Structures are given as structure tokens and as C-alpha cells.
Amino acid sequence: MHPHPKYISNTEDRFGSIAKLFHWTVAFGILLALPLGIIAERYPEDGASLDAKVFLFSLHKTVGIVIFLTATLRILWALGQPRPAPLHPERKAETFLAELIHYLLYGSMVIVPLSGWIHHAATSGFAPVFLPFGDDLFFVPKNTTVSETASSIHWIATKILIASLVLHIVGALKHHIIDRDITLRRMWFGTASGGVAGTHPSYFAPIGAIAIWIVAIGIGVTVLSSDHSAPTTSGSVQSAGGSWTVETGTLSIDVQQFGSVVSGDFAGWRSAIDFDPDATEGQVGNVQVEIDIATLTLGSVTEQALGAGYFEAEQFPNAHFAADLFKTETGYEATGTLTIREIEIPATLPFILEMVDGVAHVSGQMQVDRRDFGIGLATTDDSQLGFSVAINVALTARPAQ
């Protein structure tokens with residue numbers, strides 16, 4: 001049986017069926033997303049547990065995006081609907097508090113999932129969203145500051161959501177059990193109605209909710225961002241001898257995670273390069289590179305990558321690449337050994353060299369298997385974390401003075 005048209009929309013004394021459907025759909029989503037996030041955050045990251053942790057976070061993010069889209073539709077619907085009048089307008093403080101919590105919840109339904117989505121889109125790696133459009137937002141750049149700011153907002157907004165939700169539930173139960181009125185039944189599916197017409201609260205409730213949001217987010221972002229700004233890694237590109245001095249350069253890696261490329265950079269590394277640009281064949285020089293592993297940034301999985309089972313930066317702080325440089329028929333290559341976690345593996349880096357006004361511009365890439373270095377051995381699924389890792393080098397150098 002279809003609902004009578006007069007019950008679809010709100011009236012002065014009753015919520016319509018569409019408003020009720022939106023209310024309970026969003027409520028179910030919130031009550032699902034919150035525990036998922038808490039459990040995922042506390043889930044261990046080692047061994048087989050990582051698969052479950054990733055799944056829980058992915059589900060949490062997916063439900064959050066669905067909540068955001070549903071809540072947006074709910075708010076757009078509510079803007080064109082009358083709001084049922086309060087049942088007890090004579091209880092001014094109680095009515096004001098109920099309205100204030102109502103608007104705080106409205107804000108939470110948008111700010112919490114949206115900030116989480118922006119945080120996810122601004123970084124890379126870890127727990128993709130189970131939606132074809134969920135991992136990126138066209139207006140959100142891949143940017144650490146944006147990611148950390150959104151993360152701070154998400155954290156403080158979640159606390160407001162939890163507090164508002166608890167007060168909202170307590171208030172509804174108080175009306176239903178103690179007052180024995182129709183407040184709760186008026187939002188449930190049925191025809192319960194009531195309210196004192198013409199007694200809607202003033203605009204102080206939404207203004208108060210906006211003020212709380214501004215203050216809370218301002219304080220939260222300021223405090224949490226100051227924590228994020230504390231340097232966790234240090235390092236720079238340096239020359240450590242040799243006949244060539246590196247002026248600028250990047251050393252990065254590309255990892256496949258759940259079908260997407262996650263890129264990371266080592267901020268600290270030192271090189272010693274001897275090279276004869278006039279040689280036309282055979283060995284033309286040699287190179288020694290030392291890499292400060294703790295300076296790696298790898299999107300949202302940086303901490304995990306530096307921890308147990310992966311690079312283990314505290315135990316193995318440095319990686320080394322020692323190679324001879326050769327001129328080949330197609331270009332150049334550095335052939336030698338790469339040492340990570342004190343495991344030494346033969347490695348060859350093909351590279352392109354361009355000389356411009358005596359300055360060498362070098363770019364190259366080599367592929368290694370992370371398993372050869374004992375990295376991520378507990379993750380045996382190539383589709384979850386790719387076995388092959390690309391190491392990219394780009395630098396400019398000139399003869400040492």
C-alpha cells in the first residue's frame with residue numbers, strides 16, 4: 001500500500017514519510033560508520049590483520065560518503081519543507097537545547113564525512129573507497145597540508161557528532177519514557193502528529209550551532225595542526241664527494257596498492273659521483289648513494305611503511321646504492337648493488353643523460369621486488385600491495401669546483 005500523498009511531506013504537526021526515511025537512513029549509517037572507524041583505528045597492522053584493517057577502513061570511508069550524499073539530499077529536502085512545531089514550547093530552555101542539538105547534528109552529517117573524504121582524496125595510499133568515484137575529488141589536490149587540515153577537522157567534528165548524537169538519543173528517550181509524549185513516535189513511520197502551531201524557536205539555535213562549529217573547528221585545527229607541523233623527518237640532497245656536485249634532485253618510489261599507484265619521496269640522501277661525460281663506451285664512472293630511510297613520505301601509509309615488517313627505519317636507518325656507470329648503445333646505466341635492511345641485491349638503473357651548458361640532467365627508473373628485501377612479506381597478494389616497486393631518480397649536477 002502506497003502512503004497517502006498528504007503523508008509524504010511535512011506539515012505543521014507531523015513529519016512526512018520522506019523526512020522520516022532520510023532520518024533513519026542517515027541514523028543507521030552513522031551508527032554503522034562510527035564503530036567501524038573506531039574498530040579500524042585500533043585494529044593491529046601486522047601480518048594477516050592488515051587485510052582486515054584495510055577492509056574495515058574502506059567500509060568506514062564508503063559508508064561515510066553514502067552518509068554525506070544522503071544527508072545532503074535530506075537537507076535539500078528539508079529546506080523546502082515546513083518543520084513541525086515543538087510539542088512543549090513553554091519549556092523554553094529544553095526546546096532551545098533540542099533545536100541547538102538538531103542543528104549541530106545537521107552540521108555533523110555534512111562536515112564529518114566531507115572532511116574525511118577530503119582527507120582521503122588529498123593523500124594517497126591505504127584503504128580505497130568501495131565506490132567508482134570515491135578516491136579523488138576534482139577540487140582537492142594531493143597535498144599534505146590539505147590532508148592534515150581535513151584530518152584535524154574530521155577528528156574534532158566527530159567528537160561533536162558523538163556528543164550531539166548522545167544528547168539527541170537521551171532527549172528522545174526522555175520524551176518517550178518520562179514525558180510519555182509523541183516526540184519519538186512523530187518521527188517513526190505512522191500518523192502520529194502534534195505540536196503547538198506558531199511556536200517555532202527563534203534563529204538563536206542555528207546561530208548558536210554555527211558559533212560552536214566555528215570555535216571548535218578553529219581550536220581543533222590550530223591545536224592539531226601544530227602537532228602535525230612538528231618535523232618527523234629530516235634530510236636533504238647532498239653531495240658526499242666525487243667529481244660532480246648534485247645541485248637538485250629527487251629520489252622517489254612508486255608502489256601499487258589496490259590497483260592504484262602510491263608515490264613517495266626520500267627527502268634525505270647523499271651521493272658521490274665520478275663521471276666522464278666525454279667517454280663514448282664502456283665504464284664512464286661510478287656512484288655511491290646513501291639514503292636516509294626515515295625521511296620517506298608515502299601518503300597515508302608513511303608510518304606503516306617505516307614500521308615493523310616493512311622498512312623498519314629504526315633498526316635499518318640507511319639504504320645504499322653502489323654502482324659503476326656504463327655507456328651503452330641506448331644510453332647509460334648504473335650497474336651495482338642495492339642494499340636495504342642490510343640485504344644486498346644486484347641492481348641496474350638505466351638512465352637518460354642530457355648535458356646543457358656543462359650541467360648534467362639525469363633521469364632514470366629501475367624496478368625491484370620488495371620481497372627480495374624482506375619488505376611486506378606478510379602481504380602475499382600482489383593486487384593488495386604490488387611486489388614490484390619502481391625507484392625513480394631525477395637530478396641536476398655540475399662538475400665539482
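**Salt bridges, cores and a cavity**

Glu99 forms a salt bridge with Arg83, and their closest N and O atoms are 3.5 Å apart. Glu99 belongs to helix α3 (residues 92–122) and Arg83 to the loop between α2 (49–79) and α3, so the pair ties together parts that are 16 residues apart in sequence. The structure shown is a predicted model. In this model Glu99 is buried, with a relative accessible area of 11%, while Arg83 is partly exposed, with a relative accessible area of 28%.

This pair is a salt bridge, and a search of the whole structure finds 10 salt bridges. Side chains of opposite charge can pair when their charged atoms come close. Another example is Arg341 with Glu312, where the closest N and O atoms are 2.7 Å apart. Arg341 sits in the loop between β8 (332–340) and β9 (343–356), and Glu312 in the loop between α7 (302–306) and β7 (318–327), so this pair ties together parts that are 29 residues apart in sequence. Arg341 counts as buried because its relative accessibility is 15%, and the limit for buried is under 20%.

The side chains of Arg371 and Asp369 also meet in a salt bridge, at 2.7 Å from N to O. Arg371 is partly exposed, with a relative accessible area of 38%. Elsewhere, salt bridges link Arg91, Glu94, Lys174 and Asp179 in a network.

The next topic is the nonpolar residues. In soluble globular proteins, nonpolar side chains tend to be buried together. Here the largest nonpolar core has 78 residues, and Phe321 and Leu338 are the members that touch the most others in it. Leaving aside neighbours within four places in sequence, Phe321 is in contact with Val287, Gln288, Val289, Ala334, Thr337, Leu338, Ala347, Leu349 and Met366.

The model has one cavity of 30 Å³ or more. About 840 Å³ of space lies in the largest cavity. Its lining is made up of 50 residues, and Leu251, Ile253, Phe266, Ile291 and Ile391 lie nearest the centre. Strand β11 (residues 385–399) gives the largest share of this lining, seven residues. By kind, the lining of the largest cavity divides into 43 nonpolar residues, six polar and one charged.

Terms used
Residues are numbered from 1 along each chain as its sequence is written. This is a predicted model: local features need pLDDT of at least 70, side-chain atom pairs count only at pLDDT 80 or more; totals for chains, interfaces and linings use all residues. Side-chain values use heavy atoms; hydrogens and water are left out. A nonpolar core is a set of buried Ala, Val, Leu, Ile, Met, Phe, Trp, Tyr and Cys residues joined through side-chain atoms within 4.5 Å. Buried means under 20% relative accessible area, exposed over 50%, partly exposed in between (1.4 Å probe, protein chains only). Contact means heavy atoms within 4.5 Å. On a 1 Å grid over the protein atoms alone, a cavity is a set of points where a 1.4 Å probe fits but cannot get out, and a pocket is an open set with protein on both sides within 12 Å along at least five of seven lines; lining residues have an atom within 4 Å of a point. Grid points are joined across faces, edges and corners, and a volume is the space filled by probe spheres set on the points. Helices (H or I, at least four residues) and strands (E, at least two) are DSSP runs, numbered from the N terminus. Ala, Val, Leu, Ile, Met, Phe, Trp, Tyr, Cys and Pro count as nonpolar, Asp, Glu, Lys and Arg as charged, and the others, Gly among them, as polar. A salt bridge is a side-chain nitrogen of Lys or Arg within 4 Å of a carboxyl oxygen of Asp or Glu.
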